[in-house]
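Please keep the sequence and the model in view while reading.

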Amino acid sequence: GDFIDVLRNASSVMSAGARTLNGLSGDVRIPKKLTAASAGWIASEGGASSESEMTVGNISMVPRTLGAFTDATRQLLVQSSMDVENLIRDDLAQAIALAIDLAALEGSGSSGQPTGILNTTGVNTVTNFAAANPTFAEVVTLETAVANDNALSGNLAYILPSAMYGALKTTEKASGTAQFVAEPGGTINGYRAIISNQGTAGNLYFGNFSDCLVGFFGGVDIKVDPYSLSTSGGVRIVALAMMDVAIRHAVSFAFGNDG
């Protein structure tokens with residue numbers, strides 16, 4: 001009960017309200033309307049209306065595998081008074097969860113990673129902040145970018161690192177007002193502020209995080225391998241998960257930093 005765990009990053013995208021899809025099987029294609037039909041006026045009696053049809057596409061999700069393992073020595077297994085296996089299972093599960101969360105936020109789309117919000121084509125990028133931390137006006141530009149694309153709805157929130165949030169707690173919206181960018185109640189510009197060191201330092205995100213889909217192809221598989229370390233009497237505990245990320249609307253998100 002007195003075991004001291006490590007301190008970990010707080011969840012970002014999952015805390016902001018990303019939508020999870022469980023129990024997926026095989027490659028998934030989610031239909032998506034790409035453009036809507038538009039109406040046109042008929043110039044004269046008996047004339048024809050202009051034709052403008054909607055177009056349909058899809059977004060895809062494919063299984064991507066994430067793994068972690070821990071080696072337990074024979075001495076640890078014999079001498080420990082704790083339930084070592086459950087301790088290791090919990091540690092691996094948390095490692096997997098944070099890696100999934102980071103992939104949804106900043107996944108590169110290469111080397112087996114999903115493509116996260118940051119690297120999705122079409123995500124709004126605002127003008128670089130003038131300094132390391134944004135002014136209130138610069139914070140609002142992210143909201144404006146999303147609103148200009150008619151995407152200002154759903155689970156709207158900012159995600160920012162703790163250092164930036166600390167700076168914004170002492171940054172006035174306008175000089176002499178004693179009203180600060182980081183507002184009482186944990187909001188910024190009237191929206192929830194998710195404080196997490198998951199992302200790259202200096203990055204500020206805003207958007208409708210329910211438009212970020214995190215799909216799971218089964219649960220987390222945890223296996224005990226008694227063979228890899230058999231010569232020393234240890235065991236290896238392996239955790240594997242299969243998942244992917246898809247963004248419903250790239251313009252539902254905006255990103256900014258100091259460049």
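A residue counts as buried under 20% relative accessible area, as exposed over 50%, and as partly exposed in between, with a 1.4 Å probe and protein chains only. The model is predicted, so local features need pLDDT of at least 70 and side-chain atom pairs count only at pLDDT 80 or more, while totals for chains, interfaces and linings use all residues. Residues are numbered from 1 along each chain as its sequence is written, and side-chain values use heavy atoms, with hydrogens and water left out.

**Aromatic residues**

Rings of Phe, Tyr and Trp (its six-membered ring) pair if their centres lie within 6.5 Å; planes under 30 degrees apart count as stacked, over 60 as edge-to-face and the rest as tilted. Five aromatic pairs are found in the whole structure. In one of them, the ring centres of Tyr158 and Phe206 are 4.6 Å apart and the planes stand at 45°, so this pair is tilted. Tyr158 belongs to strand 6 (residues 156-160) and Phe206 to strand 10 (residues 204-208), so the pair ties together parts that are 48 residues apart in sequence. Helices (H or I, at least four residues) and strands (E, at least two) are DSSP runs, numbered from the N terminus. Tyr158 is buried, at 0% relative accessibility, and Phe206 is buried, also at 0%. Tyr158, Tyr191 and Phe206 form one aromatic cluster.

Helix 4 (136-148) has 13 residues and spans 18 Å from its first C-alpha to its last, close to the expected 18 Å; the expected span is 1.5 Å times one less than the number of residues. Its buried residues are Glu138, Val139, Leu142, Glu143, Ala145 and Val146. An α-helix has 3.6 residues a turn, so residues three or four places apart point the same way. Among the elements covering the buried residues of helix 4 are strand 5, strand 6 and strand 14 (253-256). Asn150 follows helix 4.

**The nonpolar cores**

A nonpolar core is a set of buried Ala, Val, Leu, Ile, Met, Phe, Trp, Tyr and Cys residues joined through side-chain atoms within 4.5 Å. The largest has 31 residues, and those with the most contacts inside it include Ile159, Cys212 and Val214. Helix 1 (13-16), helix 3, strand 6, strand 11 (212-216), strand 13 (235-247) and strand 14 each give two or more residues to this core. A second, separate core of 21 residues includes Val146, Ala151, Leu160 and Tyr165.

**Strand 11**

Five of the five residues of strand 11 are buried. Cys212, Val214 and Phe216 lie on one side, and Leu213 and Gly215 on the other. In a regular strand the side chains alternate between the two faces of the sheet. Two strands pair if DSSP finds at least two bridges between them. Strand 11 pairs with strand 1 (residues 19-21) in the parallel sense over three bridges, and Arg19 stands opposite Leu213. Strand 11 also pairs with strand 13, in the antiparallel sense over five bridges; there the bridge partner of Cys212 is Ile247.

How values were computed:
Contact = heavy atoms within 4.5 Å.
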